[in-house]
Amino acid sequence: MSRSIACIDYRNGKIFIAKRQMVGDMGGRWEFPGGKIEEGEDLETAVVREMQEEFGVTVKVGKKITSGTFTHKGKACSLEVLAIKFPHDGLSKKFELTEHTDYNWVSLEKIPTLNFVDSDLSVYEDVKKWCENEAE
């Protein structure tokens with residue numbers, strides 16, 4: 001089973017999302033940033049590596065929020081969702097994008113209205129509950 005991570009930074013009532021490049025099955029769609037967990041890699045190492053590769057920054061890794069499974073090209077895949085904190089918001093100082101064409105901070109309610117990747121939508125309710133509890 002292939003293993004993937006999705007990373008959640010939620011602050012000031014907004015969640016960080018990124019738009020994938022126009023390649024592959026999910027090209028051009030919005031997602032919680034993340035990627036594949038490499039062989040022998042633990043979750044924290046995978047998160048730090050992926051965010052460094054995709055945005056050029058070192059993030060702080062928080063706790064696991066939830067997990068799920070999905071099917072991609074007929075293969076079962078696991079998805080681990082972890083809380084992260086970017087060192088800055090990417091607005092006053094831009095992130096270096098290598099895998100995405102855009103990023104944004106949006107309200108939780110906006111996510112279902114966007115062209116979002118299916119695997120991330122499958123964990124959306126758990127992520128939303130976690131974010132709402134974190135904000136209290």
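Which side chain does a polar contact of 3.0 Å join to that of Arg 20? Select Glu 31: its side chain is the partner of Arg 20 in that 3.0 Å contact. A polar contact is a pair of N or O atoms within 3.5 Å; within protein, one must be able to donate a hydrogen and the other to accept it, and residues adjacent in sequence count only if both atoms are side-chain atoms.

Two notes before moving on. This is a predicted model, in which local features need pLDDT of at least 70 and side-chain atom pairs count only at pLDDT 80 or more, while totals for chains, interfaces and linings use all residues. Residues are numbered from 1 along each chain as its sequence is written, and side-chain values use heavy atoms, with hydrogens and water left out.

**Stop 1: Glu 31**

Stay on Glu 31. A second polar contact, of 2.6 Å, joins its side chain to that of His 100. Glu 31 sits in strand E4 (residues 30-31). Helices (H or I, at least four residues) and strands (E, at least two) are DSSP runs, numbered from the N terminus.

Glu 31 counts as buried because its relative accessible area is 9%. Buried means under 20% relative accessible area, exposed over 50%, and partly exposed in between (1.4 Å probe, protein chains only).

Now show its surroundings. Leaving aside neighbours within four places in sequence, Glu 31 is in contact with Ile 17, Ala 18, Arg 20, His 100, Phe 116, Val 117 and Asp 120. Contact means heavy atoms within 4.5 Å.

**Stop 2: the largest pocket**

Select Arg 20, Met 26, Glu 31, Gly 35 and Lys 36. Of the 32 residues lining the largest pocket, these lie nearest its centre. Elements giving two or more residues to that lining are strand E1 (2-8), E5, H1, strand E6 (60-72), strand E7 (75-85) and helix H2 (118-121). E1 has the largest share, four residues.

The pocket holds about 740 Å³ of space. On a 1 Å grid over the protein atoms alone, a pocket is an open set of points where a 1.4 Å probe fits, with protein on both sides within 12 Å along at least five of seven lines; lining residues have an atom within 4 Å of a point. Grid points are joined across faces, edges and corners, and the volume is the space filled by probe spheres set on the points.

Colour the lining by class: 10 nonpolar, 10 polar and 12 charged residues. Ala, Val, Leu, Ile, Met, Phe, Trp, Tyr, Cys and Pro count as nonpolar, Asp, Glu, Lys and Arg as charged, and the others, Gly among them, as polar.

**Stop 3: Gly 35 and Glu 50**

Pick Gly 35 in strand E5. At 18% relative accessibility, Gly 35 is buried. Beyond four places in sequence, Gly 35 is in contact with Arg 3, Ser 4, Ile 5 and Glu 50.

Step across to Glu 50, in helix H1. Glu 50 is buried, with a relative accessible area of 7%. With neighbours within four places left aside, Glu 50 is in contact with Ile 5, Gly 34, Gly 35 and Lys 36.

**Stop 4: Glu 41**

Select the loop between strand E5 (34-36) and helix H1 (43-55); Glu 41 is there. Buried or exposed? Glu 41 is buried, because its relative accessibility is 11%. A polar atom of its side chain lies 2.9 Å from the backbone nitrogen of Glu 38. Not counting residues up to four places away, Glu 41 touches Arg 3, Lys 36, Ala 46 and Arg 49.

**Stop 5: the nonpolar cores**

Select Ile 8, Ile 15 and Phe 32. They have the most contacts inside the largest nonpolar core, which has 22 residues. Such a core is a set of buried Ala, Val, Leu, Ile, Met, Phe, Trp, Tyr and Cys residues joined through side-chain atoms within 4.5 Å. Apart from this core lies another, of 17 residues, including Ile 5 and Ala 46.

**Stop 6: Asn 12**

Finish at Asn 12, in the loop between strand E2 (10-11) and E3. Asn 12 is exposed, at 76% relative accessible area. Its phi is positive, about 55°, although Asn 12 is not a glycine.
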